[in-house]
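This briefing covers the fold order, overall dimensions, surface and core of one protein model. The sequence and structure come first, followed by the points grouped by topic.

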Amino acid sequence: LTVRCHSSIKLGLAGAEVGTIEERQQIFGINKLPPKKLKSYLSHLWDALSDQTLIILIVAAVISLVFGLTLSSEANAWLEGVAVCVAVVIVASVGSIQNWSKDRQFAALNGIKQDRKGVLKRNGIVSEESVYGIVVG
């Protein structure tokens, strides 16, 4: 295996100049997992609006609007339904923004956490380097 990778068990990557390492990264890829796709704001908003409590409030708001516009003798009876709708939109938006920003912060922290030191051997010298700098061979 070491012969096929143009490496040595005793020396590691012999003559590991920058060009050789860059070439290996181009051929085999960098030693890094692709990042997970983060949920969009609209996806978080949809999740928030799928909450059972908010669905009940939306249904109550629609019923209040219908009764306020059609059956009520008061001029401003429809305002209660609109107020509930506005409250639902505010609650869902604030929760979605918070979840969206937490996802972004968590992804940034994971990126920092994954960059750790690894032991490698190049030209017979053992050293520690970022795991992103380790290449095949």
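From the N terminus on, the elements of the protein run α-α-α-α-β-β. That gives 4 helices and 2 strands. The model is predicted.

**Overall dimensions**
- The radius of gyration of the protein is 29 Å, whereas a compact globule of 137 residues would have a value near 14 Å.
- Along the principal axes, the C-alpha atoms of the protein fill a box of roughly 90 × 25 × 25 Å.

**Contacts and burial**
- Among the contacts in the protein with a separation of 6 or more, 56% are between residues 24 or more positions apart.
- Buried residues make up 18% of the 137 residues of the protein, where buried means under 20% relative accessible area.

- In soluble globular proteins, nonpolar side chains tend to be buried together.
- Here the largest nonpolar core has 5 residues, namely Leu45, Ala48, Leu54, Val88 and Ala92.
- At least two residues of this core come from helix 2 (41-49), and at least two from helix 4 (79-114).
- Leaving aside residues up to four places away in sequence, Ala92 touches Leu45, Ala48, Leu49 and Leu54.

Key. Residues are numbered from 1 along each chain as its sequence is written. This is a predicted model: local features need pLDDT of at least 70, side-chain atom pairs count only at pLDDT 80 or more; totals for chains, interfaces and linings use all residues. Side-chain values use heavy atoms; hydrogens and water are left out. The radius of gyration is taken over C-alpha atoms; the globule rule is 2.2 Å times the number of residues to the power 0.38. Buried means under 20% relative accessible area, exposed over 50%, partly exposed in between (1.4 Å probe, protein chains only). Contact means heavy atoms within 4.5 Å. A nonpolar core is a set of buried Ala, Val, Leu, Ile, Met, Phe, Trp, Tyr and Cys residues joined through side-chain atoms within 4.5 Å.
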